[in-house]
Amino acid sequence: MSLAAKLKELRGKNRQSLQDVADAIGASKTHVYDLETGRSTNPSIELLTKLATHFRVSIADLVGENPKGENEDPALVAMYRDLKTLTPQDRETIQMLMDRLKVPKEK
């Protein structure tokens, strides 16, 4: 789940307005709205920390990088568990493969 979707979900679960969240973290309502809609995609670690503290979640949960998170794809969680059993050299090989796959393909 993206940061934008997670923020919107957390705000909804807590029945808070954009202004409530903005006041709690010391940001503008517009900035919180931009984060929720994905218009602002590069929040500072300080802002992420404030959001995570406000919603009482980890930063990993907030940015969707917690393999133990409730919304994670079970197949990805299983892959993560498998990765932990590999040697550092095997993980390095997989990292190189992943880096190569991320390179845009020529058409």
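**Figure 1. Contacts across the whole predicted chain.** Of the contacts between residues at least 6 apart in sequence, 46% join residues at least 24 apart in the protein chain. The mean pLDDT of the protein chain is 87, with 93% of the residues at 70 or more. Buried residues account for 23% of the 107 residues. The accessible surface of the chain is about 8000 Å², and carbon and sulfur atoms hold 53% of that surface.

**Figure 2. Seven helices and their overall layout.** The protein chain has seven helices and zero strands. Its radius of gyration is 17 Å, well over the 13 Å that the globule rule gives for 107 residues, so the chain is more spread out than a compact globule. The C-alpha trace spans about 45 × 35 × 20 Å along its principal axes.

**Figure 3. Helices α2 and α6, the two ends of the confidence range.** Helix α2, residues 18-25, is where confidence is highest, at a mean of 95. Helix α6, residues 74-84, is where confidence is lowest, at a mean of 79. As a reading tip, where pLDDT is low, the predicted coordinates should not be read in detail.

Figure 4. Which residues of helix α4 (residues 45-55) are buried? They are Leu 47, Leu 48, Leu 51, Ala 52 and Phe 55. These residues cover an arc of only 135° around the axis, and therefore lie on the same side of α4. The spacing has a simple background: an α-helix has 3.6 residues a turn, so residues three or four places apart point the same way. The face turned away from the buried side of α4 carries the exposed residues Ile 45, Glu 46 and Thr 53.

**Figure 5. The helices around the buried side of α4.** Against which helices do the buried residues of α4 pack? Their partners are α1 (3-13), α2, α3 (29-37) and α5 (59-62).

**Figure 6. Glu 36, a buried residue of helix α3.** Glu 36 is found in helix α3. Is Glu 36 buried or exposed? Its relative accessibility is 10%, so Glu 36 counts as buried, the cut-off being under 20%. The side chain of Glu 36 makes a polar contact with the side chain of Arg 11, at 2.4 Å. Leaving aside residues up to four places away in sequence, Glu 36 touches Ala 4, Leu 7, Lys 8, Arg 11 and Leu 18.

Figure 7. Arg 15 sits in the loop between α1 and α2, and its phi is near 50°, a positive value in a residue other than glycine. Arg 56 follows α4 and has its place in the loop between α4 and α5. For Arg 56, phi is near 60°, again positive in a residue other than glycine. Why point these out? Most residues other than glycine have a negative phi. Arg 15 has a relative accessibility of 78% and so counts as exposed. Arg 56 is exposed as well, with a relative accessible area of 78%.

Technical notes:
Residues numbered from 1 in each chain as written. Predicted model: local features only at pLDDT ≥ 70, side-chain atom pairs only at ≥ 80, totals over all residues. Heavy atoms only, no water. pLDDT = per-residue confidence, 0-100. Helix = DSSP H or I, 4+ residues; strand = E, 2+ residues; numbered from the N terminus. Buried < 20%, exposed > 50% of the residue type's maximum accessible area, 1.4 Å probe, protein only. Arc of directions from axis to C-beta. Contact = heavy atoms within 4.5 Å. Rg over C-alpha atoms; globule rule 2.2 N^0.38 Å. Areas by Shrake-Rupley, 256 points an atom, 1.4 Å probe, with all protein chains shown as cover. Polar contact = N/O pair within 3.5 Å; in protein donor to acceptor, adjacent residues only side chain to side chain.
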